[in-house]
Amino acid sequence: RFIDVGNATEGRINPLHVYQVMTEDGMSASPEVVFSAHLQFLESFFKITLAGITADSLEELNNILIKVYKDKGIDETTDCSEFGADKYPTFDDLLATVEKKITQEELQARKANLERIRTYVAKFAKNGRFSTLWNGESTLTSEEDFVVFNFQSLLSSKNNIVANAQMLVIMRYLNQQIINIR
């Protein structure tokens with residue numbers, strides 16, 4: 001099976017989907033380790049895709065993500081190993097949380113920071129330029145014995161930011177597939 005990862009027509013990988021992590025002895029990691037590793041992955045993802053975001057805005061976004069997961073019933077104690085793709089937040093959920101925080105914030109400086117975050121996150125949510133790639137639950141499956149991930153359309157767009165981020169997401173997905181096989 002050939003999967004074109006440049007336009008997500010074969011399936012999408014939600015970067016907010018929490019994937020399992022294995023320990024050095026080959027066992028599934030504890031929920032705390034899994035959640036921490038996932039948050040670290042998201043920080044890398046956002047450093048790639050949100051080029052130019054300030055350090056304080058990125059840190060605020062990291063904190064908002066924890067709230068988004070908590071609203072979905074996910075925290076560092078949650079075993080997500082049996083969750084379906086529909087249990088994870090999407091970028092629409094993230095944007096809604098940012099917008100809610102903006103309406104509740106009274107300090108102008110913090111409100112301006114949240115508005116900056118909203119501008120960045122909007123490109124991932126519904127109708128944003130990256131929504132077809134990453135907004136929504138994960139739908140990519142690879143049940144076949146042999147799968148080729150085709151990066152041609154992704155690389156031909158000449159958008160290195162999107163290409164690097166999608167490669168990061170695909171590598172994370174492949175790591176999960178290896179864990180599942182093991």
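Biologist: Leaving aside its neighbours within four places in sequence, which residues is S138 in contact with?

Modeller: This is a predicted model, in which local features need pLDDT of at least 70 and side-chain atom pairs count only at pLDDT 80 or more, while totals for chains, interfaces and linings use all residues. Residues are numbered from 1 along each chain as its sequence is written, and side-chain values use heavy atoms, with hydrogens and water left out. Contact means heavy atoms within 4.5 Å. On that basis, S138 is in contact with R12, I13, N14, H17, Y19 and A85.

Biologist: Where is S138 found, and is S138 buried or exposed?

Modeller: Helices (H or I, at least four residues) and strands (E, at least two) are DSSP runs, numbered from the N terminus. S138 lies in the loop between α5 (131–134) and β2 (148–150). Buried means under 20% relative accessible area, exposed over 50%, and partly exposed in between (1.4 Å probe, protein chains only). With a relative accessible area of 14%, S138 is buried.

Biologist: With which side chain does the side chain of S138 make a polar contact?

Modeller: A polar contact is a pair of N or O atoms within 3.5 Å; within protein, one must be able to donate a hydrogen and the other to accept it, and residues adjacent in sequence count only if both atoms are side-chain atoms. The partner is the side chain of H17 (3.4 Å). The side chain of S138 also reaches the backbone nitrogen of N14, at 2.9 Å.

Biologist: Which residues of α4 are buried, and which are exposed?

Modeller: Buried in α4 are N113, L114, I117, Y120 and V121. On the other side of α4, Q108 and T119 are exposed. The cover over the buried residues of α4 includes α2 (55–71) and α3 (91–104).
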